[in-house]
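Here is my note for a colleague who is opening this model for the first time. Please read the points with the structure on screen.

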Amino acid sequence: MIREMKRDELLKSVREAEYLTQEERQLLQQKRLHELVDYAREHSDYFKTYYQDLPEDYTLNDLPMTSKKQLMPHFEDWVTDKRVSREALEVYFSDLNNIGMPLLEEFSVLTTSGTTGQPLWMVRDSFHGKVHGSMMAVRLMERLGIDPWLDSSRYKMASIIGTGGFHSAVSSFERMKNSSPCPEHFLLCSILDPIPEIVANLNAFEPALITGYPSVMAVLAKEKLEGRLTIEPKAIACSAEQLTEYAYKMMKDAFNCTIANSFCSTEGGEVAFNCTCGNMHLNDDWIIIEPVDSNNQPVTDQTMSAGVLVTNLADYLQPIIRYHVEDSIIIEDGQCPCGSKLPIVRLLGRNGENLSFDIDGGSRTIAPVMLDFLPTKTDGILQYQFVQKSPKLLEMRIVYANGSNKEEVDSQISHYVKQLFKDNQMDAVVFEIVDQPPVQSKGGKIKTVVIDF
Ligand SMILES: [Zn+2]
């Protein structure tokens with residue numbers, strides 16, 4: 001049985017699957033999907049009913065979509081273990097000392113930051129931990145040669161993340177610290193701390209490995225290039241946000257060390273990792289990602305999606321099967337020079353609602369991804385945030401890359417934004433670049449497109 005695979009079998013499978021052909025990986029997906037669906041039908045009251053009319057020889061496309069809105073109200077019927085009750089979770093969340101501690105002594109617990117409505121509760125069992133840990137060990141740490149620096153008995157690790165909640169980054173940090181023989185080798189900094197304070201703490205601590213969001217790492221790279229930050233880390237591991245080419249280059253220039261980037265999601269786990277060529281590879285032996293448009297119809301390769309249907313083939317406790325999330329993604333054609341056969345993806349993350357502007361007595365909308373695409377075409381932008389300030393005004397906040405010419409950057413990006421509005425008959429929208437840094441959301445990330453009025 002798949003969910004009884006041991007750690008060494010999982011490591012072997014993860015190593016081999018990376019070099020299987022697409023057809024071979026699809027067969028593997030199919031086998032894993034069937035075992036997961038059968039298990040869900042047997043052990044989840046929700047899926048028992050939801051899947052009652054499935055044909056016997058069903059394929060992925062026969063499975064109806066799911067979503068947070070649909071499943072969270074039925075949380076107790078959704079999970080496959082009756083011990084994981086709403087009450088047990090509420091008690092667990094009521095005590096902040098539980099961050100990073102297991103629920104019922106065996107499950108790990110995460111929540112989303114809950115920007116839209118009710119937060120998602122995600123409870124994972126040890127099998128999920130083993131699968132995703134194996135992928136991380138082989139396809140990130142081993143691939144990029146970071147594993148030696150993870151030995152916390154010899155090296156120190158610092159994380160600069162959003163603290164104080166049950167977000168996945170904090171929970172993982174606390175779990176690693178709690179299970180280490182040298183918990184004093186771990187330093188947690190909050191992204192809400194003033195930068196000089198973070199810099200002073202890092203200088204005193206001298207970590208070998210740093211983890212955090214790319215945008216924050218880029219700010220630290222600037223501190224390093226300007227001489228205030230003096231640490232010499234061996235590796236930097238980023239997650240959760242889009243890593244722009246400029247942020248990557250700046251980190252390379254500043255620290256001259258290995259840079260790892262993982263895209264993980266609460267629902268899907270470790271979705272994609274970067275390789276030595278800098279491309280993100282989708283872990284599609286354990287996660288099925290189906291890009292969809294705003295009507296939930298499949299989009300063809302090379303097109304940016306409005307959402308994705310996620311199937312997490314390792315999650316038997318709280319089945320995530322064709323579960324809709326608002327990530328925007330492009331699955332690229334072609335093979336990566338690094339030799340990995342796993343598909344290359346471009347991830348633009350989650351940007352929520354569309355922006356609606358008043359035009360000629362009516363209104364017109366644009367999708368956040370349309371704006372997000374523009375800075376990737378512009379030289380010299382390290383970090384950015386588009387903020388809609390009124391039904392007629394869009395502002396942009398920019399952190400410029402070192403050595404870039406502010407006027408040239410502003411003129412280039414203004415040109416693209418105005419062209420986008422023009423192309424959409426929205427010439428009346430006023431666009432301004434303001435002298436203000438991007439603002440972080442409560443969940444600790446910098447959302448690249450926000451509405452603020
Ligand atoms: Zn590659």
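1. Two strands pair if DSSP finds at least two bridges between them. Strands (E, at least two residues) and helices (H or I, at least four) are DSSP runs, numbered from the N terminus. Three bridges link β11 (residues 307-312) with β12. L309 has H324 in β12 as its bridge partner.

2. A word on the basis. This is a predicted model, in which local features need pLDDT of at least 70 and side-chain atom pairs count only at pLDDT 80 or more, while totals for chains, interfaces and linings use all residues. Residues are numbered from 1 along each chain as its sequence is written, and side-chain values use heavy atoms, with hydrogens and water left out.

3. Next, the metal site. Which residues coordinate the zinc ion? They are C275 (SG), H281 (NE2), C336 (SG) and C338 (SG), at 2.1 to 2.3 Å. Donors are N, O and S atoms within 2.8 Å of the metal (3.2 Å for Na, K and Ca); water is not among the atoms, so sites may look incomplete. Along the chain the donors follow the spacing C-x5-H-x54-C-x1-C. The angles among the four donor atoms are 103 to 115 degrees, and the site is tetrahedral. For reference, the ideal angle for four tetrahedral donors is 109.5 degrees.

4. C275 counts as buried, at 2% relative accessibility. H281 is buried too, with a relative accessible area of 0%.

5. β3 pairs in parallel with β4 over five bridges, where A158 stands opposite L187. Four bridges join β3 to β5, also in parallel. There M157 stands opposite L209.

6. β6 (residues 235-239) is likewise largely enclosed by the rest of the structure, because five of its five residues are buried. A235, A237 and S239 point one way from the strand, and I236 and C238 point the other way. β5 (residues 209-212) runs parallel to β6, joined by four bridges. On the β7 (residues 258-265) side there are five bridges, again parallel.

7. H185 is buried, at 16% relative accessible area. Contact means heavy atoms within 4.5 Å. Leaving aside neighbours within four places in sequence, the contacts of H185 include R154, Y155 and F205.

8. The nonpolar cores come next. Such a core is a set of buried Ala, Val, Leu, Ile, Met, Phe, Trp, Tyr and Cys residues joined through side-chain atoms within 4.5 Å. The largest has 77 residues; F75, W78 and W286 are among those that touch the most other members. Helix α7 (residues 126-144) gives the largest share of this core, seven residues. A second, separate core of 29 residues includes L220, L243, F255 and C257.

9. Last, a four-stranded open sheet runs β19-β18-β17-β20, with mixed pairing. β19 (430-434) and β20 (449-451) are at the edges with a single partner strand each, so one side of each lacks a neighbour in the sheet. The twist averages 25 degrees from one strand to the next. β17 (residues 381-390) and β18 (residues 393-400) are antiparallel over eight bridges. Helix α13 (residues 406-423) lies across β17, β18 and β19, at about 145 degrees to β18.

Notes
Buried < 20%, exposed > 50% of the residue type's maximum accessible area, 1.4 Å probe, protein only. Axes fitted to C-alpha atoms, helices over the stretch in contact; angles between N-to-C directions. Tetrahedral: all angles 85-135°; square planar, octahedral: opposite > 155°, others 65-115°.
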